Amino acid sequence: WHRLPREAVAAPGSLEPRRAVPPGRSRARSRGAAGAALLPSMLMFGVILASSGLLLMIERGILAQVGPPPLHPPAGPSRRDGRDSTAELELEVLRDTRNRTIRALCGQRSMPRSIWELPPGQRRTVLRHLLVLDGALESVDVKGKMDHMRDLVFLGDMKPEEISYRLKHYYKFIFVRNPMERLLSAYRNKFGEIKEYQQKYGVEIVRRYRKNGGNSAGDDVSFSEFLQYLLDEDVERMNEHWMPIYNLCQPCAVKYDFIGSYERLHADANHVLEHIQSPSFVRFPERQAWYKPVTAETLHYYLCNTPRRLIRELLPKYILDFSLFAYPLPNITSEFCRQ
């Protein structure tokens, strides 16, 4: 990487480390009457309230009481891509919905205002996964898996005063993904390809949930068995690849400057690069040839061949990821599954 004048903090989601600087310009701009039209529907909160097991006190008129949130950096025409006006409007609505929903939830008195208000275990989790980008890489042509490099620096490696300084002054961003797609992707990758996960988690999952499963090598875990394991597992003890993003990244305790989407990975990565004024030759790497993405057809197959009861019971554990980041709940109706 070309060394840039300032730094950034990034949290996991799907984006690999990028260089960033603290925003020197205002990120908000006046939107007048149009801003009011972007208020998210109360159905967003209906999703939360309708999900058993999650106790959140949300007043009927809470959105009317929420002032304009700190919007994401302006999403004007990009020098790196050619988004049309319709795509820009959709992106604007998505960002505004996420901002307002997070603002409404995090404004509740019981919610943490900083990482120092988190219980020690939750604080350790988020600090262990917030990557600090203030050095320089030798090349942007990254072939390896950067998230597994040993010389990366995380906030958890620093002293409290260093942590506070970076959280206050660094540009902070995360990338999120549709929760069910994320779980399916983790399942296929970890239990289909990585022996370490098969041995550490797969063997135990099969032993717990399959009759006479004691001889399994952990490489034959079914998706239903994996979801049952998630249902029974304590959220705070989950592996980072399937822990809810809310618990992993704590968006109430950490005020992120930008929330990108895996579904718009390249466009949102370019948005971050442009916002930090990176050199024009710095670009987000192309997808590796060996990567097999979760398609809509793949997700449809797995969801429709999984007991509906299991999916319904699991949703409350991930409901904040669906709600805060504006993802629809999975469609598991008979009509959908017959298609």
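Predicted model: local features only at pLDDT ≥ 70, side-chain atom pairs only at ≥ 80, totals over all residues.
Helix axes here are lines fitted to C-alpha atoms over the stretch in contact, and the angle between two of them runs from 0 to 180 degrees between N-to-C directions. Helix α8 (residues 195-209) packs against helix α9 (residues 223-232) at about 90 degrees, the two axes lying 10 Å apart. Angles of 65 to 115 degrees count as roughly perpendicular, so α8 is roughly perpendicular to α9. On the α8 side, the residues that meet α9 are Tyr201, Ile205, Val206, Arg208 and Tyr209. Their partners in α9 are Glu225, Phe226, Gln228, Tyr229 and Asp232. Sorted by class, this contact holds six nonpolar, one polar and three charged residues.

Leaving aside residues up to four places away in sequence, Phe226 touches Leu183, Tyr187, Phe191, Ile205, Val221 and Trp242. Phe226 also belongs to the largest nonpolar core, a set of 63 residues, where Ile115, Phe226, Leu227, Leu230 and Trp242 touch the most other members. Helix α13 (residues 308-324) gives this core its largest share, nine residues. There is also a second, separate core of 16 residues, with Ala10, Phe173, Phe258 and Leu265 among them. In soluble globular proteins, nonpolar side chains tend to be buried together.

Stepping back to the whole chain, the fold has 14 helices and five strands. Of its 339 residues, 50% count as buried. The accessible surface comes to about 17,700 Å², and carbon and sulfur atoms account for 52% of that. Contacts reach well along the sequence: among those between residues at least 6 apart, 76% join residues at least 24 apart.

Asn212, in the loop between α8 and α9, has a phi near 60 degrees, a positive value in a residue other than glycine. Buried or exposed, where does Asn212 fall? Exposed means over 50% relative accessible area, and Asn212 counts as exposed because its relative accessibility is 75%. Gln277 also has a positive phi, of about 60 degrees, although it is not a glycine. This residue, Gln277, sits in the loop between α11 (265-275) and α12 (296-304). With a relative accessibility of 55%, Gln277 counts as exposed too.

Technical notes:
Residues numbered from 1 in each chain as written. Heavy atoms only, no water. Core = buried A, V, L, I, M, F, W, Y, C linked by side-chain atoms within 4.5 Å. Buried < 20%, exposed > 50% of the residue type's maximum accessible area, 1.4 Å probe, protein only. Helix = DSSP H or I, 4+ residues; strand = E, 2+ residues; numbered from the N terminus. Contact = heavy atoms within 4.5 Å. Areas by Shrake-Rupley, 256 points an atom, 1.4 Å probe, with all protein chains shown as cover. Parallel < 35°, antiparallel > 145°, perpendicular 65-115°, else oblique. Nonpolar A, V, L, I, M, F, W, Y, C, P; charged D, E, K, R; others polar.
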